[in-house]
Amino acid sequence: MKQTCRMILALCLPLLLCGPAWAAHSGPYAGVFLGGNALMAATSNDSLGEFDLRFTPGLLGSAVVGWDFEPGNAAGEGRIELEYSHRINQLDKARFADGVAPAGGNLTADSLLFNFYGVFHGEDRSWSPYVGAGLGAVRIVTSDLTVTGGPLSNDSALALAYQLGLGIDYALTERLSMDLGYRFFSSTRPKFSEVNGPAFKMDYLNNSVVLGLRVGF
């Protein structure tokens, strides 16, 4: 058994190092992604003035369905897809004009985007860099946000969302590819009700690194 495993490893290692020259897939595909996301300090404002909410890095999960264009397509080489993503971050601190206060609770964002990616195929089609953009909507939820132990917000809001992305695909087989990418995700400023009555708006600017698998059909 050990000898068989060594033989398989010896045969696969050159492929992993050099990459097979698979033909580019065209047609439908589906994929799943996991990664980490960092929500930038969210500048917020209400009737009392401006303050910042600071969050810890969190997890990101997404699923996509899409279509790979045929090489030489008039629209260019690339793909178009529908993406659902879930991001979660924990509130860590709130910064006011008179100082910083401890905070808690979660901020979650569920988005649905239409993405278009341009893919750059070289002679060796096993490695293919890409860039793209997406547009859609996001539902952002403030789950039991607190500041110095007191309740701040427990609400949800819909907003227009957009995304910029880049990365690199590695063809494992003709139909299966691994995707390592970066995503910048943002939205128009959502508005949330505070527990005590007034409402506040906040920025949502998110940086994510993702690793996923896509399979073509």
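## The largest pocket

In this predicted model, the largest pocket is lined by 17 residues, and those nearest its centre are D46, L48, F96, L152 and E194. A pocket here is an open set of points on a 1 Å grid over the protein atoms alone, with protein on both sides within 12 Å along at least five of seven lines, and a lining residue has an atom within 4 Å of a point. The space in this pocket comes to about 290 Å³, where a volume is the space filled by probe spheres set on the points, which are joined across faces, edges and corners.

Two or more lining residues come from each of β3 (49-56), β5 and β8, and β3 gives the largest share, with four residues. Strands are DSSP runs (E, at least two residues), numbered from the N terminus. Sorted by class, the lining has eleven nonpolar, three polar and three charged residues; Ala, Val, Leu, Ile, Met, Phe, Trp, Tyr, Cys and Pro count as nonpolar, Asp, Glu, Lys and Arg as charged, and the others, Gly among them, as polar.

## Enclosed cavities

A cavity is a set of points where a 1.4 Å probe fits but cannot get out, and there are two cavities of 30 Å³ or more. The second largest cavity has a volume of about 40 Å³, and its lining consists of F33, S62, E81, E83, Y117, R183 and V210.

## Neighbouring strands

Strands β5 (residues 78-96) and β6 (residues 99-119) pair in the antiparallel sense over 17 bridges, pairing being assigned if DSSP finds at least two bridges between two strands. The two strands form a hairpin with two residues between them, and Q90 stands opposite N106 in β6. Strand β6 is also joined to β7 (residues 127-147), antiparallel, by 16 bridges, with A103 opposite V147 in β7.

S153 is found in strand β8 (residues 150-171), and it counts as buried because its relative accessibility is 1%, where buried means under 20% relative accessible area with a 1.4 Å probe and protein chains only. The side chain of S153 makes a polar contact with the side chain of T142 at 3.0 Å, a polar contact being a pair of N or O atoms within 3.5 Å, one able to donate a hydrogen and the other to accept it.

## Basis of the values

Residues are numbered from 1 along each chain as its sequence is written. In this predicted model, local features need pLDDT of at least 70 and side-chain atom pairs count only at pLDDT 80 or more, while totals for chains, interfaces and linings use all residues, and side-chain values use heavy atoms, with hydrogens and water left out.

Note on methods: Buried < 20%, exposed > 50% of the residue type's maximum accessible area, 1.4 Å probe, protein only.
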